[in-house]
Amino acid sequence: MSEFRNDLHKEVSELERKSATAARLFDIRRIIGGLFVIYGVIVTLAGINPSDADLKKAEGVHINLWTGLAMLVLGLFFLLWLKLRPAPAPDGAADGSPDA
């Protein structure tokens, strides 16, 4: 019975470790930051050399350039936040000690 319990505990510990890894991998800050950086690059590139019609439509403001740069800054902020304050490990997964 004790051997079964030890095997079960090892399996649960392994699943907790994998769950913590998946939670860190799919942290919403990583997804939002990555998307904002990608879209920011696209919009910034579109705003670097606007057509005369686009400038006239925006009343002379390089709106794509400014919006793209703002998206880049926001995306980099989310990625920096993820780097400086990573998601905490679930209780018990970090030390590997049994709960019982």
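These legends go with several close-up views of a predicted model.

In this predicted model, local features need pLDDT of at least 70 and side-chain atom pairs count only at pLDDT 80 or more, while totals for chains, interfaces and linings use all residues. Residues are numbered from 1 along each chain as its sequence is written, and side-chain values use heavy atoms, with hydrogens and water left out.

**View 1. Phe77 and Trp81 form a stacked aromatic pair.** Rings of Phe, Tyr and Trp (for Trp, its six-membered ring) pair if their centres lie within 6.5 Å; planes under 30 degrees apart count as stacked, over 60 as edge-to-face and the rest as tilted. The count by this rule is 3 aromatic pairs. In one of them, Phe77 and Trp81 lie 6.1 Å centre to centre, with 25 degrees between the planes. These two residues are 4 residues apart in helix α4 (residues 63–84), which separates them by about one helical turn. Helices here are DSSP runs (H or I, at least four residues), numbered from the N terminus, and strands (E, at least two) are treated likewise.

**View 2. Phe78 and Trp81 make a tilted pair.** Their ring centres are 5.9 Å apart and their planes stand at 45 degrees, so this pair counts as tilted. Both residues lie in helix α4, 3 residues apart, about one turn of the helix. Phe78 is buried, with a relative accessibility of 15%. Together, Phe77, Phe78 and Trp81 form one aromatic cluster.

**View 3. Arg29 lies over the face of Trp81.** The distance to the ring centre is 5.0 Å. A charge sits over a ring if NZ of Lys or CZ of Arg is within 6 Å of the ring centre and within 35 degrees of the ring normal.

**View 4. Asp27 forms a salt bridge with Arg29.** Side chains of opposite charge can pair when their charged atoms come close. Here the closest N and O atoms of Asp27 and Arg29 are 2.7 Å apart, and the structure holds 1 salt bridge (a side-chain nitrogen of Lys or Arg within 4 Å of a carboxyl oxygen of Asp or Glu). Both Asp27 and Arg29 are buried, Asp27 with a relative accessible area of 10%. You will find Asp27 in the loop between α1 (2–25) and α2. Leaving aside residues up to four places away in sequence, Asp27 touches Leu82 and Ala87; contact means heavy atoms within 4.5 Å.

**View 5. Thr44 is buried in helix α2 (residues 28–48).** Its relative accessible area is 10%. Which residues does Thr44 touch, not counting those up to four places away in sequence? They are Asn64, Leu65, Gly68, Leu69 and Leu72. Ala70, found in helix α4, is partly exposed at 46% relative accessible area. The C-alpha atoms of Ala70 and Thr44 are separated by 9.2 Å, and the two residues are 26 residues apart along the chain.

Key. Buried < 20%, exposed > 50% of the residue type's maximum accessible area, 1.4 Å probe, protein only.
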